[in-house]
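I wanted to go through the aromatic rings in this one and jot down what turned up. Here is the structure I had open.

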Amino acid sequence: MKISTWNVNGYRSILTKGFVQWFEENDADVVCLQEIKSRPEQVEEKYRNFPGCQSYWNPAAKAGYSGVAVFTRRTPLLSGFGIEDEEFDSEGRVIWLDFAGFRLFNVYFPSGQRGHDRVEFKLRFYSRLLGICDRLMADGMEIILCGDFNTAHTEIDLANPKSNKNTSGFLPEEREMISEYIRHGFIDIYRRLYPQKIEYTWWTYLTGARQRNIGWRLDYFLVSSGLADKVEGVEIHGSVSGSDHCPVSLTLV
């Protein structure tokens, strides 16, 4: 089973930048999108879904902001939206799907913003989702979290850690939240498989950062420990353009 995640920075925009070709060639069983910035009724009908797929949309209440969507070629056993808290759920940040053996969360974690205006909101979101995961895992459920975490966990996960130590996305309290997930039984499976590999998933549009590969790894798959041995590989598709993020794919045996 192949699962892909991609912050597309506007679904309608990326449709003009090769998304459909990528979707067909990538051939993932499940494609999780973040920051779609649109409602399904704003999208041409042929792009609301694709042949052989089911689609799930969770747009933000605010127009042109946030939102997540999933296209899946495998029918889930159960599905749902949000994390049962209107403070967060009005922003359309979570879709979850149950498949045989695990629950998949497609998550667009909040940004702390340049002025750190929303760091506390971001940390509360992390904590709220972790509490839900704790309860599910206590009941024996395995979990895959994927999406844009808006945080680089360790120094290897961004090109310039020293100059960004006071930048939201690499603040100690943000990084600590990813560490907390790991202490609660999750594994950053890309880093487990490739402990010294340097790849990024986001590059600012400014200063030609992508061409110079001055980036951050913000897009993750965290898997509960019982699934780790079933992960065949994780691939960062750094050559795929169209957004300031690139897709990441996980393959389960």
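This is a predicted model: local features need pLDDT of at least 70, side-chain atom pairs count only at pLDDT 80 or more; totals for chains, interfaces and linings use all residues.

**Entry 1: ring pairs.** How many aromatic pairs does the structure hold? I got 23 aromatic pairs. I looked up Tyr 11 with Phe 19, which is an edge-to-face pair, with 5.5 Å centre to centre and 80° between the planes. Tyr 11 and Phe 19 are both buried.

**Entry 2: on to Trp 22.** Phe 19 also pairs with Trp 22, and there the rings are tilted, at 5.7 Å centre to centre with 40° between the planes. I checked where these two sit: both are in helix H2, residues 19-26, and three residues apart, which is about one turn of the helix.

**Entry 3: buried or exposed?** I wanted to know why Phe 19 and Trp 22 get the labels they do. Phe 19 counts as buried because its relative accessible area is 0%. Trp 22 comes out at 10%, so Trp 22 is buried as well, given the cut-off of under 20%.

**Entry 4: a cluster.** Which residues form one aromatic cluster? I listed Phe 88, Phe 109, Phe 121, Phe 125, Tyr 126, Phe 149, Tyr 181, Phe 186 and Tyr 220.

**Entry 5: arginines over rings.** I then turned to charges. Arg 93 has its charged end over the ring of Tyr 108, 4.8 Å from the ring centre. For Arg 103, the charged end sits over the Trp 96 ring, and I noted 3.6 Å to its centre.

How values were computed: Residues are numbered from 1 along each chain as its sequence is written. Side-chain values use heavy atoms; hydrogens and water are left out. Rings of Phe, Tyr and Trp (its six-membered ring) pair if their centres lie within 6.5 Å; planes under 30 degrees apart count as stacked, over 60 as edge-to-face and the rest as tilted. Buried means under 20% relative accessible area, exposed over 50%, partly exposed in between (1.4 Å probe, protein chains only). Helices (H or I, at least four residues) and strands (E, at least two) are DSSP runs, numbered from the N terminus. A charge sits over a ring if NZ of Lys or CZ of Arg is within 6 Å of the ring centre and within 35 degrees of the ring normal.
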